[in-house]
Amino acid sequence: SYTDALESDPDLKQAFSRLGQAYQEKKQFPQAINWYRKAVVAEPDNADAWLALGYLFKDTKKKKDATTAFTKYLELRPEAENKKEVDDELYYLQQQ
């Protein structure tokens with residue numbers, strides 16, 4: 001399991017995101033946020049983790065954190081295929 005892998009080698013950066021994703025799929029958002037935060041601390045240029053955090057923060061009504069995470073994602077991937085979608089999320093957050 002990912003937990004076992006982390007215990008044997010805490011530098012397995014992908015495991016942080018995978019655990020975040022697993023908790024997100026189970027709708028266990030606080031745990032998902034915790035693991036994705038660990039992912040971006042371990043690997044600050046992990047655009048996918050920043051994007052996931054953006055949606056998790058948005059879904060848990062953490063507007064400022066969502067804005068920061070979406071902005072960081074776009075900084076890392078300015079030409080992302082989903083740029084318009086993320087821009088729309090940022091616009092929506094600013095309107096609230």
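A residue is called buried here when its relative accessible area is under 20%. The structure shown in every view is a predicted model.

**View 1. Helix H2 and the residue that follows.** Helix H2 covers residues 13-25, 13 residues in total. From its first C-alpha to its last, H2 reaches 19 Å, close to the 18 Å expected at 1.5 Å a residue. Ala15, Phe16, Ser17, Leu19 and Gly20 are the buried residues of H2. After H2 comes Lys27, which has a positive phi, near 65 degrees.

**View 2. The ring pair of Phe16 and Trp35.** Two aromatic pairs turn up in a search of the whole structure. In the pair formed by Phe16 and Trp35, the ring centres are 5.9 Å apart and the planes stand at 25 degrees. Planes under 30 degrees apart count as stacked, so this pair of Phe16 and Trp35 is stacked. Phe16 belongs to helix H2 and Trp35 to helix H3 (residues 29-42), so the pair ties together parts that are 19 residues apart in sequence. Phe16 has a relative accessibility of 11% and therefore counts as buried. Trp35 has a relative accessible area of 17% and is buried.

**View 3. Lys38 at the ring of Trp35.** Lys38 lies over the face of Trp35. The distance from Lys38 to the ring centre is 4.9 Å. Trp35, the residue that provides this ring, is buried.

**View 4. The ring pair of Tyr55 and Phe70.** The ring centres of Tyr55 and Phe70 lie 5.0 Å apart, with the planes at 80 degrees. An angle over 60 degrees counts as edge-to-face, so that is the arrangement of Tyr55 and Phe70. Tyr55 is in helix H4 (residues 47-59) and Phe70 is in helix H5 (residues 63-76); the pair therefore ties together parts that are 15 residues apart in sequence. Tyr55 and Phe70 are both buried.

**View 5. Asn82 in the loop between H5 and H6**. Asn82 sits in the loop that joins H5 to helix H6 (83-95). Its relative accessibility is 17%, so Asn82 counts as buried. A polar contact of 2.8 Å links the side chain of Asn82 to the side chain of Tyr73. With neighbours within four places in sequence left aside, Asn82 is in contact with Leu51 and Tyr73.

Terms used
Residues are numbered from 1 along each chain as its sequence is written. This is a predicted model: local features need pLDDT of at least 70, side-chain atom pairs count only at pLDDT 80 or more; totals for chains, interfaces and linings use all residues. Side-chain values use heavy atoms; hydrogens and water are left out. Helices (H or I, at least four residues) and strands (E, at least two) are DSSP runs, numbered from the N terminus. The expected span of a helix is 1.5 Å times one less than its number of residues. Buried means under 20% relative accessible area, exposed over 50%, partly exposed in between (1.4 Å probe, protein chains only). Rings of Phe, Tyr and Trp (its six-membered ring) pair if their centres lie within 6.5 Å; planes under 30 degrees apart count as stacked, over 60 as edge-to-face and the rest as tilted. A charge sits over a ring if NZ of Lys or CZ of Arg is within 6 Å of the ring centre and within 35 degrees of the ring normal. A polar contact is a pair of N or O atoms within 3.5 Å; within protein, one must be able to donate a hydrogen and the other to accept it, and residues adjacent in sequence count only if both atoms are side-chain atoms. Contact means heavy atoms within 4.5 Å.
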